[in-house]
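User: I would like to learn how to read the features of a fold, one at a time. Where do we begin?

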Amino acid sequence: AKGEIGANASVAVFDTGLPPDHGHFRARPGELVERINWTSERTLADTLGHGTFVASIVGGVGPGCPGFAPGAALHVHRVFTNQQVSYTAWFLDAFNYILWRGDVDVLNLSVGGPDFADAPFVDKVRDVVASGVTVVSAIGNDGPLWGTLNSPADMLEVVGVGGAEARSGRVAPFSSRGQTLSEAPGGGAGRAKPDVTAASNGVLGAFPDGDACRPMHGTSVASPSVAGLAALI
């Protein structure tokens, strides 16, 4: 209502990439600053569609599924191959790069796993947060049992995003939940996660093969909604 489009914000998305000249990004008022590939595949193409969908929720301009912050500068980093393979080293390269740039305000990580003891990864996330970046991450789709949350969303320093049902607003059954696992080795009891929830059922977004909007489910699509709102703030 106030006309905010995130024009003063800069958002990075670490995912499966973004196709060149996609219709949901061509007319956006914000600049698509860069598309970088950190993987072993010699391509920037996103054939899986996950990264394209996530980026469109953050800042796309598709008329049927507009993003939250189309005015934000968008940095797209490809850290997963088209076979859904990734390594800590690729993430560390991308983390170090945005630390070097020094102009990213929000980082969306619609990724996660049980490997909360990956010290190089966890330490680098803390470095990124300490530099002033708001890190937003999906909590995971391993619910409803307690103790199912994923890293890095389980970290105290990260905004862990769970999934909510669109109609009822209740936490979706598949949404992970539990206590911060990274605190447990130090003798702490941990603190409850997720920090916030967002719609995660039938969320509309863009796919690599055209301008039509199609639905996707999971905490992966809830996280970029919160990242887009963080850009507006």
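Analyst: Start with strand pairing: two strands pair if DSSP finds at least two bridges between them. Keep in mind that this is a predicted model. Here seven strands form an open sheet, in the order 2-3-1-4-5-6-9, with parallel pairing.

User: Which strands stand at the edges of this sheet?

Analyst: Strand 2 (32–37) and strand 9 (196–199). Each has a single partner strand, so one side of each is left without a neighbour in the sheet. On average, neighbouring strands are turned by 25° against each other, direction ignored.

User: How many bridges join strand 6 and strand 9?

Analyst: Four, in the parallel sense; strand 6 covers residues 159–164. Within that pairing, G162 stands opposite T197 of strand 9.

User: Next, aromatic rings. What describes a pair of aromatic rings?

Analyst: The distance of the centres and the angle of the planes. Rings pair here if their centres lie within 6.5 Å. The count comes to 10 aromatic pairs. Take F14 and F95: this pair is tilted, with 5.4 Å centre to centre and 45° between the planes. F14 lies in strand 1 (residues 10–15) and F95 in helix 3 (residues 88–101), so the pair ties together parts 81 residues apart in sequence.

User: Are F14 and F95 buried or exposed?

Analyst: F14 is buried, at a relative accessible area of 0%. F95 counts as buried too, at 1% relative accessibility. F95 also forms an edge-to-face pair with F121: 5.6 Å centre to centre, 65° between the planes. F121 lies in helix 4 (residues 119–130), so its pair with F95 of helix 3 ties together parts 26 residues apart in sequence. F121 is buried, with a relative accessible area of 9%.

User: Which residues form the aromatic cluster?

Analyst: F14, F80, F91, F95 and F121 form one cluster. Elsewhere, look for a charge over a ring: R214 lies over the face of F207, at 4.0 Å from the ring centre.

User: Now the core. Where do nonpolar side chains tend to be in soluble globular proteins?

Analyst: They tend to be buried together. In this model the largest nonpolar core has 23 residues, and F14, F91, F95, L107 and L109 touch the most other members. Strand 1, helix 3, strand 4 (106–109) and helix 4 each give two or more residues to this core. Helix 3 supplies the largest share, six residues.

User: Which residues does F14 touch?

Analyst: Leaving out residues up to four places away in sequence, the contacts of F14 include H77, V79, F91, F95, L107 and L109. There is also a second, separate core of 20 residues, with V54, A55, A72 and V106 among them.

User: Last, the backbone. What holds for most peptide bonds and for phi?

Analyst: Most peptide bonds are trans, and most residues other than glycine have a negative phi. Look for the exceptions. A cis bond joins G143 and P144, with omega about 10°. Another cis bond joins S151 and P152, again with omega about 10°. P144 lies in the loop between strand 5 (134–138) and strand 6. P152 lies in the loop between strand 5 and strand 6.

User: What is the phi of D21, and what is that of Q84?

Analyst: Phi of D21 is near 55°. D21 sits in the loop between strand 1 and helix 1 (23–26), and counts as exposed at 58% relative accessibility. Q84 has a positive phi of about 65°. Q84 is in the loop between strand 3 (73–78) and helix 3, and counts as exposed at 60%.

Technical notes:
Residues are numbered from 1 along each chain as its sequence is written. This is a predicted model: local features need pLDDT of at least 70, side-chain atom pairs count only at pLDDT 80 or more; totals for chains, interfaces and linings use all residues. Side-chain values use heavy atoms; hydrogens and water are left out. Axes are lines fitted to C-alpha atoms, for helices over the stretch in contact, and angles run from 0 to 180 degrees between N-to-C directions. Rings of Phe, Tyr and Trp (its six-membered ring) pair if their centres lie within 6.5 Å; planes under 30 degrees apart count as stacked, over 60 as edge-to-face and the rest as tilted. Buried means under 20% relative accessible area, exposed over 50%, partly exposed in between (1.4 Å probe, protein chains only). A charge sits over a ring if NZ of Lys or CZ of Arg is within 6 Å of the ring centre and within 35 degrees of the ring normal. A nonpolar core is a set of buried Ala, Val, Leu, Ile, Met, Phe, Trp, Tyr and Cys residues joined through side-chain atoms within 4.5 Å. Contact means heavy atoms within 4.5 Å.
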